[in-house]
Amino acid sequence: TVSTRELTLQAELPGRTVASLVAEVRPQINGIVRERLFEEGVTVKAGQPLYQIDPDSYEAAVASAEAALVRAEAAATTAKLRAERLAALAGRQLVSRQDLDDAEAAQRQSVAAVAEQRAQLQGARIDLRRTRIAAPITGRIGRSEVTAGALVSAGQAQALATVQQLDPMFVDIPRSSQELLQL
């Protein structure tokens, strides 16, 4: 007797586990690796320091940018006071209009110089922060490709290490389109 019933199809399929996220750790600045701050093969958390690049030259760049900002602010104060004095004198027609225009232009230039030096300082501080390379994601870190004393550079092709997020994990199962049609 022919009857309708459910039939469960079973098949053994080869599979391969794949991390859900993979991040290659690379430096964003140039320098010498001072130390590795992790143990290979362990789970690291996002933001955890992995490498320390020698920060000496970047600390000096921050100090230089801070000094340049102070110098620019002092010049801006002087330019502002001069422009105010000349504006008062120009109101009584004791200085030429050209001198006043020059003083006002110098004041605007000094304000721009202060803004430029603030941006330079911000960039120097960003570079200093980048001397400590942190894990971009939480996951298992593999083998370190560099050791202390290695020269690294921004934009280098070689990753320092690779972090793989294993929770959740994907499973790749290769199936041909013919097998899918049969199912």
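Author: Some ground rules come before the labels. This is a predicted model, where local features need pLDDT of at least 70, side-chain atom pairs count only at pLDDT 80 or more, and totals for chains, interfaces and linings use all residues. Residues are numbered from 1 along each chain as its sequence is written, and side-chain values use heavy atoms, leaving out hydrogens and water.

Reader: What is the order of the four strands in the open sheet?

Author: The order is β5-β4-β2-β7, and the pairing is antiparallel. Strands here are DSSP runs of E, at least two residues long, and helices are runs of H or I, at least four, all numbered from the N terminus.

Reader: Why do β5 and β7 stand at the edges?

Author: Each has a single partner strand, so one side of each lacks a neighbour in the sheet.

Reader: What makes β4 and β5 a pair?

Author: Pairing takes at least two bridges found by DSSP between two strands. β4 (residues 49–53) and β5 have three, in the antiparallel sense, so they pair. Tyr51 has Ile133 in β5 as its bridge partner.

Reader: Why is Thr131 called buried?

Author: Buried means under 20% relative accessible area, exposed over 50%, partly exposed in between, with a 1.4 Å probe and protein chains only. Thr131 has 3%, so the label is buried. Thr131 lies in the loop between α2 (97–129) and β5.

Reader: Which residues touch Thr131, beyond its neighbours within four places in sequence?

Author: Contact means heavy atoms within 4.5 Å. Among the residues in contact with Thr131 are Ile29, Tyr51 and Tyr58.
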